[in-house]
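The report that follows describes one protein chain, going from its overall organisation to individual residues. Please read it alongside the sequence and the model shown here.

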Amino acid sequence: MPTSEVLAGETTREVTVFMPILPKTVLSPNSGERRSRRDPWAISGAKMEMRADVANCCLASDDCRAITEPFERARVSVTLYWHKRKSDGFYRPMDVPNAIYALKPLYDGLKDAGLLTDDDYLHMELGPHFIERSEREGLLVVISEIEEAA
């Protein structure tokens, strides 16, 4: 739900959305120890698929649709929930740096959905990222507007 908080006289926009998706195994930085074994077409396809899935999840969310203007500067925090490792083609990382690598299409999808102006360093910063075990697998994404200091 988009919220507004008043902190020291400033208004901050924030939106939280749960997406029942995980990155594909091929997006793992550890996928295929030798670079020659990594299929660039499979990687590209997985990135495009995840990017579209993220945009579709956002567009299906009433809270995201309530955001009429993209965040000019935003902090994106993600909690990745997974239950147990399976051989189903989805990546369930054990450490946050590998998760951040695999989540790059998420940030692109947020831009495609119109929530972010851009995903470069001028418009987006990474907030805390966590990995938690849960029966419900997916991504909990919190996007918070960053107010410029006066």
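## Overall organisation

Among contacts in the protein between residues at least 6 apart in sequence, 79% join residues at least 24 apart, where contact means heavy atoms within 4.5 Å. The model is a predicted one, in which local features need pLDDT of at least 70 and side-chain atom pairs count only at pLDDT 80 or more, whereas totals for chains, interfaces and linings use all residues. Residues are numbered from 1 along each chain as its sequence is written, and side-chain values use heavy atoms, with hydrogens and water left out.

The protein has 4 helices and 5 strands, which from the N terminus on follow the order β-β-α-α-β-α-α-β-β; helices (H or I, at least four residues) and strands (E, at least two) are DSSP runs, numbered from the N terminus. Of the 150 residues in the protein, 41% are buried, a term that stands for under 20% relative accessible area, with exposed meaning over 50% and partly exposed the range in between (1.4 Å probe, protein chains only).

## Strand 3 and its partners

Strand 3 (residues 74-82) is mostly covered, with 8 of its 9 residues buried. Strand 3 is joined by 8 bridges to strand 4 (residues 124-133), the two running parallel, and by 8 bridges to strand 5 (residues 138-145), in this case antiparallel; strands are taken to pair if DSSP finds at least two bridges between them.

## The nonpolar core

The largest nonpolar core has 35 residues, and those with the most contacts inside it are Met19, Val76, Leu106, Leu110, Leu139, Val141 and Ile143. Such a core is a set of buried Ala, Val, Leu, Ile, Met, Phe, Trp, Tyr and Cys residues joined through side-chain atoms within 4.5 Å. The elements that give two or more residues to this core are strand 2, helix 1 (40-60), strand 3, helix 4 and strand 5, and the largest share, 7 residues, comes from helix 1.

Isoleucine 143 touches, among others beyond four places away in sequence, Val15, Phe71, Val76, Leu110, Leu115 and Leu116, and its contacts also include the charged residues Arg13, Glu14 and Arg75. In helix 4 (residues 104-112), the buried residues are Pro105, Leu106, Tyr107, Asp108, Gly109 and Leu110, and just after this helix glycine 114 takes a positive phi of about 85°.

## Aromatic rings and nearby charges

A search of the whole structure finds 1 aromatic pair. The rings of phenylalanine 18 and tyrosine 81 have their centres 6.5 Å apart and their planes at 45°, so the pair is tilted; rings of Phe, Tyr and Trp (its six-membered ring) pair if their centres lie within 6.5 Å, with planes under 30 degrees apart counted as stacked, over 60 as edge-to-face and the rest as tilted. The pair links distant parts of the chain, with phenylalanine 18 in strand 2 (residues 10-19) and tyrosine 81 in strand 3, 63 residues apart. Phenylalanine 18 counts as partly exposed at 22% relative accessibility, while tyrosine 81, at 17%, counts as buried.

Arginine 136 lies over the face of phenylalanine 18, at 3.9 Å from the ring centre, and the charged end of arginine 13 sits over the ring of phenylalanine 71, 4.4 Å from its centre. A charge sits over a ring if NZ of Lys or CZ of Arg is within 6 Å of the ring centre and within 35 degrees of the ring normal.

With a disulfide taken as a pair of cysteine sulfur atoms within 2.5 Å, the count comes to 0 disulfides. Cysteine 57 is in no disulfide, the nearest cysteine sulfur, that of cysteine 58, being 7.0 Å away. The sulfur of cysteine 64 is 4.2 Å from the closest cysteine sulfur, in cysteine 58, which is too far for a bond. Cysteine 57 is buried, with a relative accessible area of 19%, and cysteine 64 is buried at 5%.

## Two loop residues

Serine 31, in the loop between strand 2 and helix 1, is buried with a relative accessible area of 19%. Leaving aside neighbours within four places in sequence, serine 31 is in contact with Thr25, Val26 and Arg38.

Aspartate 119 has its place in the loop between helix 4 and strand 4. Not counting residues up to four places away in sequence, aspartate 119 touches Lys104, Tyr107, Asp108, Lys111 and Met124.
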